[in-house]
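Please look through the sequence and the structure before reading the points below.

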Amino acid sequence: MLDVLVCGGGPAGSALAWRLARLGMRVAIADAGRHPRRKPCGESLNPGAAAALRRLAQDGQAGGDPSWDELQGELQPLEGWALHCGSARLEARYPGGAAGWSCRRERLDGWLLERAVAAGAVLLPECRVKEVRQGGSGCEIKAIREGRPVKLAARYVVGADGIRSAVARSAGLAAPPGPLRKVALTGRIAGLADLEPLVELHLEPGALIGLAPLAGGEANATLVLPAAAAASSAAALRHGRPALLAALRASPTLAARALQAEASGEALACGPFDAPVRSACSGRVLLVGDAAGYYDPLTGQGLFRALRGAELAASALADARHAGDARPLQAYGSQLRREFGPGAALQRWIEYGASRPRLFRAALAGIRWSGTAERLASRIGDCPPGAEFRRTRLR
Ligand SMILES: Cc1cc2nc3c(=O)[nH]c(=O)nc-3n(C[C@H](O)[C@H](O)[C@H](O)COP(=O)(O)OP(=O)(O)OC[C@H]3O[C@@H](n4cnc5c(N)ncnc54)[C@H](O)[C@@H]3O)c2cc1C
């Protein structure tokens with residue numbers, strides 16, 4: 001029997017499996033797809049996520065890891081945020097020299113999965129988990145592997161299977177989703193002028209555009225539309241690349257910079273985003289990453305939660321193995337709430353303001369007046385504690 005079956009080989013699942021394999025556990029990753037694969041994402045790691053990734057790469061690596069050096073060469077530093085709304089622009093840098101990174105998701109996810117396998121985790125590609133049943137000493141998992149039904153057995157099961165987690169549903173942990181609020185289109189753009197090492201957020205009437213510079217001169221562009229607009233733009237969303245370019249060229253704050261812009265590769269549509277859970281743990285089943293509850297991509301904190309959640313889950317599972325029963329896992333749920341709860345509440349406030357441009361502009365002015373932009377950047381950047389606050393620039 002496996003010690004742990006991790007369902008999902010995204011950042012949360014791979015980071016966790018890597019840690020568990022290093023602890024000497026028998027661990028397998030079942031992923032419904034095959035890597036490398038694209039994932040709709042703004043592709044920015046905030047400073048908290050960058051710190052968690054560095055810890056993961058360096059823990060237990062006495063002699064250094066050439067593949068980590070190679071990956072680092074492809075990461076683009078991000079020093080903070082630039083928020084645009086009409087003529088207002090607020091620039092908030094992360095405090096104390098903290099920085100995040102941007103990284104193409106197929107590269108980041110592929111690297112994490114490869115490291116987990118190199119550490120000893122077994123990969124089951126094209127294995128979609130359907131159902132998890134808990135017994136006294138372990139779990140039985142039903143899955144479809146390469147088109148055929150299979151049964152797996154593990155002492156513990158982790159749902160790292162993303163926003164529509166089958167494990168959360170099967171374990172009775174999923175809560176009813178909220179209404180469809182918005183949809184997004186993400187793609188890569190070449191030839192966008194004047195990119196800086198900042199995540200940009202452009203609030204337009206009826207749309208929001210996020211940008212993050214990627215290594216090699218491209219940028220990730222994410223267009224977010226409210227659900228009502230999305231229904232009337234359904235045809236445009238199906239033809240993603242032209243829709244993304246058209247949004248950049250129609251944007252009052254981006255049009256001049258987008259004159260030479262071209263979309264490269266496919267643009268991916270996604271939504272809805274609201275996937276609440278009742279709890280992140282039940283008996284022998286844990287949830288991590290988006291599967292443990294997701295609300296909105298606006299503040300770019302998903303990868304931090306995936307990587308930090310994997311650290312907490314690894315330590316809870318190590319405690320459970322040591323104790324010989326599942327009771328230590330209960331502490332994991334409350335730890336997640338303690339660490340991510342305040343950020344999630346702030347995220348709801350920001351998301352509320354971002355759907356109301358007048359309120360958003362007033363908030364930008366309020367932040368300038370109170371001199372709290374850097375503090376805000378630090379909060380949504382999940383900056384490691386102890387960073388100093390510098391003054392904020394507003395133009
Ligand atoms: C539009 C958008 C923009 C975003 N921008 C950012 C950003 O800039 N910065 C940031 O930090 N976060 C961002 N996020 C959030 C971020 O993408 C997620 O938080 C992150 O991918 C979570 O990682 P994960 O491993 O939990 O899930 P995922 O990355 O979704 O991985 C889940 C894995 O599970 C597999 N799977 C699914 N179902 C099953 C099943 N039944 N059985 C087995 N395997 C299964 C999938 O194949 C996949 O590989 C954004 C999200 C969206 C939607």
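The buried residues of helix 4 are R105, L108, D109, G110, W111, L112, L113, R115 and A116, where buried means under 20% relative accessible area with a 1.4 Å probe and protein chains only. This is a predicted model, in which local features need pLDDT of at least 70, side-chain atom pairs count only at pLDDT 80 or more, and totals for chains, interfaces and linings use all residues. Residues are numbered from 1 along each chain as its sequence is written, and side-chain values use heavy atoms, without hydrogens and water.

**Helix 4**
- Helices are DSSP runs of H or I with at least four residues, and strands are runs of E with at least two, numbered from the N terminus.
- G120, with a positive phi near 125°, follows helix 4.

**Ligand contacts**
- Polar contacts are pairs of N or O atoms within 3.5 Å.
- A polar side-chain atom of R105 lies 3.0 Å from an oxygen atom of the ligand.
- A polar backbone atom of S44 is 2.7 Å from a ligand nitrogen atom.

**Ligand shell**
- Around the ligand there are 38 residues, the closest being D31, G42, S44, D290 and L303; a residue counts if one of its heavy atoms lies within 4 Å.
- Domain 1 (2-43 + 104-178 + 274-349) and domain 2 (182-270) each give at least three residues to the shell, with bounds from an automatic or database domain assignment.

Terms used. Buried < 20%, exposed > 50% of the residue type's maximum accessible area, 1.4 Å probe, protein only. Polar contact = N/O pair within 3.5 Å; in protein donor to acceptor, adjacent residues only side chain to side chain.
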